[in-house]
Amino acid sequence: MDANFVDEIVQLTDRLGMEQEEEWEVNEEQATEFGEKLLIGRIVSKQSISLGLFKIIFTRMWKYVGEWKVKIMEEDAENMYFGLSFQSKNDAKKILEKQPWLFNGGFLVLDDWPKSGLWRDARLSRVPLWVKLRGFSLKTLTINNVKRIGNMAGEVHSCRWW
């Protein structure tokens, strides 16, 4: 191959990129529709988990949803991040609402796919939990006191009063 030809190809490819994002056509509706079927997740566990084991465990747990796919987004010594795609936004919503997903001494933290389109923008540092309180004296068992205790652990989304 001619050295000038190679230099010409390199010069042409140097101009490829998306630095000037404002010049690109954008379809927000399509991105939103596609993003509603996606979740991003992080495994919190002392044990590592392979992609194959992830699929086996969660296929059993998610029998009631349609077909889904998983992809490792990033893995380091402490964290493993997964991208999950579902056939419908309803399936993704069901999985998100039913968390935390506990397995083998660990759990899966999930979040919606970020509106930015960048999975790293997901908030995977919190997980919703159900808390059962015991030992309250009857006279202090009020909805305000229950919410107060919940707020000591984090943000209270709702409180079911039985």
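Predicted model: local features only at pLDDT ≥ 70, side-chain atom pairs only at ≥ 80, totals over all residues.
**Entry 1. Layout**

I started with the secondary structure and counted five helices and five strands in the protein. Along the sequence I read the order as α-α-β-α-β-β-α-β-β-α. I then looked up burial for the chain as a whole: 25% of the 162 residues count as buried. The accessible surface came out at about 12900 Å², and carbon and sulfur atoms hold 52% of that surface. For contacts with a separation of 6 or more, I noted that 57% join residues 24 or more positions apart.

**Entry 2. Salt bridges**

How many salt bridges does a search of the whole structure find? I got three. I went through them in turn.

The pair E36 and K89 has a distance of 3.6 Å from N to O. I placed E36 in the loop between α2 (28-35) and β1 (38-44) and K89 in helix α4 (residues 89-97), so this bridge ties together parts 53 residues apart in sequence.

R120 sits in the loop between β5 (106-112) and α5 (143-153), while E74 belongs to strand β2 (residues 68-75), so here the parts tied together are 46 residues apart in sequence. I recorded R120 as exposed, with a relative accessibility of 56%. E74 is partly exposed, with 27%.

The pair K94 and D91 has its closest N and O atoms 3.9 Å apart. Why does this distance still count as a salt bridge? The cut-off is 4 Å between a side-chain nitrogen of Lys or Arg and a carboxyl oxygen of Asp or Glu, so the pair is included. Both residues belong to helix α4, three residues apart, which is about one turn of the helix. K94 is partly exposed, with a relative accessible area of 34%. D91 counts as buried, at 9% relative accessibility.

**Entry 3. Helix α4**

Which residues of α4 are buried? I listed D91, A92, I95 and L96. They cover an arc of only 135 degrees around the axis, which puts them on the same side of α4. I then looked up what lies over these buried residues, and the cover includes β1, β3 (80-86), β4 and β5.

**Entry 4. Q99**

I moved on to Q99, in the loop between α4 and β4 (101-103). Is Q99 buried or exposed? I found it buried, with a relative accessible area of 7%. I looked for backbone atoms by its side chain and noted two. The backbone oxygen of L96 is 3.3 Å from a polar atom of the Q99 side chain. The backbone nitrogen of L110 is 3.0 Å from a polar atom of that side chain. L96 is also among the buried residues of α4 that I listed above. Setting aside residues up to four places away in sequence, Q99 touches L108, V109, L110, V127 and P128.

**Entry 5. A nonpolar surface patch**

I next searched the surface for nonpolar groups. L129, V131, L133, I149 and M152 make a patch of about 510 Å². I checked one of these residues further. V131 lies in the loop between β5 and α5, and I recorded V131 as exposed, with a relative accessible area of 64%.

**Entry 6. N145**

N145 counts as partly exposed, at 24% relative accessibility. Apart from neighbours within four places in sequence, N145 is in contact with F136 and T140.

How values were computed:
Residues numbered from 1 in each chain as written. Heavy atoms only, no water. Helix = DSSP H or I, 4+ residues; strand = E, 2+ residues; numbered from the N terminus. Buried < 20%, exposed > 50% of the residue type's maximum accessible area, 1.4 Å probe, protein only. Polar contact = N/O pair within 3.5 Å; in protein donor to acceptor, adjacent residues only side chain to side chain. Contact = heavy atoms within 4.5 Å. Patch = residues over 30% accessible without salt bridge, like charges linked within 9 Å, V, L, I, M, F, W, Y side chains within 5 Å. Areas by Shrake-Rupley, 256 points an atom, 1.4 Å probe, with all protein chains shown as cover. Arc of directions from axis to C-beta.
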